[in-house]
Amino acid sequence: MTARPGDPAQERLRRWRLVLGGAAADGTGYELSGQDAGMDGALTALYGKGDKTQTGKDRSAGLGASAPSVARWLGDIRTYFPSSVVQVMQRDAIDRLGLSTLLLEPEMLEAVEADVHLVGTLLSLNKAMPETTKETARAVVRKVVEDLEKQLATRTRATLTGALDRSARVSRPRHHDIDWNRTIAANLKNYLPEYRTVVPERLIGYGRASQSVKKDVVLCIDQSGSMAASVVYASVFGAVLASMRSISTRLVVFDTAVVDLTDQLDDPVDVLFGTQLGGGTDINRALAYCQSQITRPAETVVVLISDLYEGGIRDEMLKRVAAMKASGVQFVALLALSDEGAPAYDREHAAALAALGAPAFACTPDLFPEVMAAAIEKRPIPVPEAM
């Protein structure tokens, strides 16, 4: 049975046929042709064996372990599906069919649809990557990073510039620094009807703009394997923050060791290839290093990005957070910085941080500028309602 153009019932059958995969018992009785048959073939190659784990000889659900056949399949799915679907299918192919090692071949990297998750996979393979592949991998990573910067940089700078200005508000501003809207609102009680004017007894404005650093920001990033997307986004945001003269930005990554990548912040690609995804986790050790770098506690924001599975000394970790907050540091704990929602995380540690006044929550890239603005202004952090 084939569809007649404009027939809603036939279109439903077509869609169900593509979903169910055409097994004998799918019940649709629908035959695919043309592009639909090509779409079905691409889907069958990836999902044709259901949810069965595929390893060794059994892993070839139509793709096999052959780089040429995978490259053809990657080209097919980019022909048949939109970019967002292609990215999901690529991710599933890596997870279900064990195709990660094929990404070590330059021709494979040139065929894939680059996204944050692919970057995370490439970074996890960094140590095993041959020199012939590294330049291609860097090009793929750079494309994703540049796209993210275009999406995130303008709004982040605008939001944080406003927050920095508000945090520097003064009560006796010079004429050119007066915020007239706020000044008028604060003096409405002094309105003189006969003169139709407001007497500004209280002036509100901002301190004269200067090149001096107003805030110090420390990004402390857990580089365990589950945090790959967060590492990518945090590196991009770190580069954006570092480009703002009024903010001094430090970027620290950790597993059981601590690495300060601040001197590479002008190029987030260098930062990413300086990370080492995987390994254990010692949050206490990382916070000890961050704490040692703080010179102006009252003007410092520390952002810990971690799933909080602590392999170090738990009580010491919490004591460090308490000590930083007591000294005036604004401390923010993010379980993730990605679009994926809340990951698996240590709920006991999250509750302990919340008791210290540092709620831990998953943060999307869109929300991150608002979170940072709130921390800079020392107002309540906008925790998503789901938390």
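## Cysteines

A search of the whole structure finds zero disulfides, a disulfide being a pair of cysteine sulfur atoms within 2.5 Å. Cys220 takes part in none, and the nearest cysteine sulfur, that of Cys290, is 3.7 Å away.

The model is predicted: local features need pLDDT of at least 70 and side-chain atom pairs count only at pLDDT 80 or more, while totals for chains, interfaces and linings use all residues. Residues are numbered from 1 along each chain as its sequence is written, and side-chain values use heavy atoms, with hydrogens and water left out.

## Nonpolar cores

In soluble globular proteins, nonpolar side chains tend to be buried together. A nonpolar core is a set of buried Ala, Val, Leu, Ile, Met, Phe, Trp, Tyr and Cys residues joined through side-chain atoms within 4.5 Å. The largest such core holds 82 residues, of which Trp73, Val303 and Phe368 touch the most other members. Helix H7 (residues 131–167) gives this core its largest share, 10 residues. Helices (H or I, at least four residues) and strands (E, at least two) are DSSP runs, numbered from the N terminus.

Another core, of 26 residues, lies apart from the largest one; among its members are Cys220, Ala286, Val321 and Val329. Ala286 belongs to helix H11 (residues 283–292) and is buried, with a relative accessible area of 0%. Ala286 and Asp255 are 31 residues apart in sequence, and their C-alpha atoms are 8.3 Å apart in space.

## Aromatic pairs

A pair of aromatic rings is described by the distance of the centres and the angle of the planes. Rings of Phe, Tyr and Trp (its six-membered ring) pair if their centres lie within 6.5 Å; planes under 30 degrees apart count as stacked, over 60 as edge-to-face and the rest as tilted. The count by this rule is two aromatic pairs. One of them, Tyr80 with Phe81, is edge-to-face, at 6.5 Å centre to centre and 85 degrees between the planes. Tyr80 is partly exposed at 23% relative accessibility, whereas Phe81 is buried at 13%.

The rings of Phe237 and Phe368 have their centres 4.5 Å apart and their planes at 40 degrees, so this pair is tilted. Because Phe237 lies in helix H9 (residues 228–242) and Phe368 in helix H14 (residues 368–377), the pair ties together parts that are 131 residues apart in sequence. Both Phe237 and Phe368 are buried.

## Salt bridges

The structure holds 11 salt bridges, a salt bridge being a side-chain nitrogen of Lys or Arg within 4 Å of a carboxyl oxygen of Asp or Glu. Asp147 and Lys143 form one of them, with their closest N and O atoms 3.2 Å apart. Both residues lie in helix H7, four residues apart, about one turn of the helix. Asp147 is partly exposed at 30% relative accessibility, as is Lys143 at 47%.

Asp216 and Arg296 meet through their side chains in another salt bridge (3.2 Å, N to O). This pair links distant parts of the chain, 80 residues apart: Asp216 is in strand E5 (residues 215–222), and Arg296 is in the loop between H11 and strand E8 (300–305). Asp216 is buried, with a relative accessible area of 14%, whereas Arg296 is partly exposed at 29%. Arg250 forms a salt bridge with Asp260, their closest N and O atoms being 2.5 Å apart. Arg250 lies in strand E6 (residues 247–254) and Asp260 in strand E7 (residues 258–260), so the pair ties together parts 10 residues apart in sequence. A network of salt bridges links Arg314, Asp315 and Glu348.

Notes:
Buried means under 20% relative accessible area, exposed over 50%, partly exposed in between (1.4 Å probe, protein chains only).
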